[in-house]
Amino acid sequence: MKSTRLMKEHLTGYLFITPQMIIFLMFLVYPIIEGFRMSLYQIQYSSETFVGFDNYVTLINDPVFLKAFMNTIVFVVCIVLLTVGFALFVASSVFDKNAKYVSFIRGSYYIPVMVSMVVMSMIWSFLLNPSSGLISYLARELDMGNVNLLGNKLTVMPVIIFVTFATNVGQAIILYIAAMIGVPKDLMEAAEVDGVSRIQMIRHILVPSVQSTTVYITIINIIAVLKIFVVIQLLTGGGPNNASVTLMYYLYNNAFKFNQLGVASAVGVIMFVITLLLSIPQLRTVIRAK
């Protein structure tokens, strides 16, 4: 009797999650499996030819892919470090201030997050335009000559990194402020009584207390940066001379410009593996902390 009741309870639970599981399997699991399969084929319109790991060999021998791979790694490292560092600095500076002031800071930093990435990229394209952009105009007014930050191999990567960072950092600040507000006040008050400085309080109390938030922000930024496309497409097109090409932009070119779906699928598999390799250590840190 008891086992029958438990079975009915479990069956009810399974029935409730069945629609979500079907959607999950159809739109996440199946595309991943299909991507792995397609990476082993040479696909030309309606014909498929099994080539094994030839697509991966092609990628390894392609200098553009190697450049895209290195650029993506640089993007991931720089944006994650900048986002976590700056968001921690802002959040730890304002989380215990007046509620209206905190709300103003959160709203100010979150506005770029709410704006479409396409719109933000168009705004930055206007600002950075070498002929009619505001930045180039100011440089000419200051007798610095014509400035073309997006057309210079040395400056294009830092500019793209800054644009992406400035657009997305607001979300991390919101999450950190929320996490820090939830830190027990007893700890903060005890630290103040013991004469702990604010920097020591941030280092030894706040930062460890928001470790799970740091892991979450790190993972979502890794995923977001691996998928970076709109900024590259609208600002540089991967140039100059592939100086700003990323794995996602390389995948797009092979899939939709060169009709190399097998090669594009192989790039997608590599990106999937990179995401796993970068995310698993972070998740293990949270599990061990618990």
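**Fold and helix packing**

Modeller: The chain has 13 helices and two strands. Keep in mind that this is a predicted model.

Colleague: Is the chain compact or spread out, judged by its radius of gyration against the globule rule?

Modeller: For 290 residues the globule rule gives 19 Å. The radius of gyration of the chain is 24 Å, well over that value, so compared with a compact globule the chain is more spread out.

Colleague: What box do the C-alpha atoms fill along the principal axes, and what share of the residues is buried?

Modeller: Taken along the principal axes, the box is roughly 85 × 70 × 30 Å. Buried here means under 20% relative accessible area. Of the 290 residues, the share that counts as buried is 36%.

Colleague: Among contacts between residues at least 6 apart in sequence, what share joins residues at least 24 apart?

Modeller: The contacts considered are those in the chain between residues at least 6 apart in sequence. The share of these joining residues at least 24 apart is 66%.

Colleague: How are α3 and α4 oriented to each other?

Modeller: Helix α3 covers residues 63-94 and helix α4 residues 99-114, and their axes lie 10 Å apart. The packing angle is about 160°. Angles over 145 degrees count as roughly antiparallel, and α3 and α4 are therefore roughly antiparallel.

Colleague: Which residues make that contact, and how do they divide by class?

Modeller: α3 contributes Phe86, Val90 and Val94, while α4 contributes Tyr101, Val102, Ile105 and Tyr109. By class, the contact of α3 with α4 has no polar and no charged residues, and seven nonpolar.

Colleague: α3 also meets α7. What is the orientation there, and what is the class make-up of the contact?

Modeller: The axes of α3 and helix α7 (residues 153-181) come within 7 Å and cross at roughly 40°. α3 and α7 are therefore oblique to each other, and their crossing is right-handed. The contact residues divide into no charged, four polar and 22 nonpolar.

Colleague: Which residues of α8 and α9 meet, and how many of the contact residues are charged?

Modeller: Helix α8 (residues 185-193) and helix α9 (residues 198-209) cross at roughly 150°, with axes that come within 11 Å; α8 and α9 are therefore roughly antiparallel. Leu187, Met188, Ala191 and Glu192 in α8 meet Met201, Ile205 and Leu206 in α9. The contact residues of α8 with α9 divide into six nonpolar, no polar and, for charged, one.

Methods. Residues numbered from 1 in each chain as written. Predicted model: local features only at pLDDT ≥ 70, side-chain atom pairs only at ≥ 80, totals over all residues. Heavy atoms only, no water. Axes fitted to C-alpha atoms, helices over the stretch in contact; angles between N-to-C directions. Helix = DSSP H or I, 4+ residues; strand = E, 2+ residues; numbered from the N terminus. Parallel < 35°, antiparallel > 145°, perpendicular 65-115°, else oblique. Contact = heavy atoms within 4.5 Å. Nonpolar A, V, L, I, M, F, W, Y, C, P; charged D, E, K, R; others polar. Rg over C-alpha atoms; globule rule 2.2 N^0.38 Å. Buried < 20%, exposed > 50% of the residue type's maximum accessible area, 1.4 Å probe, protein only. Left-handed = near helix turned anticlockwise from the far one by under 90°.
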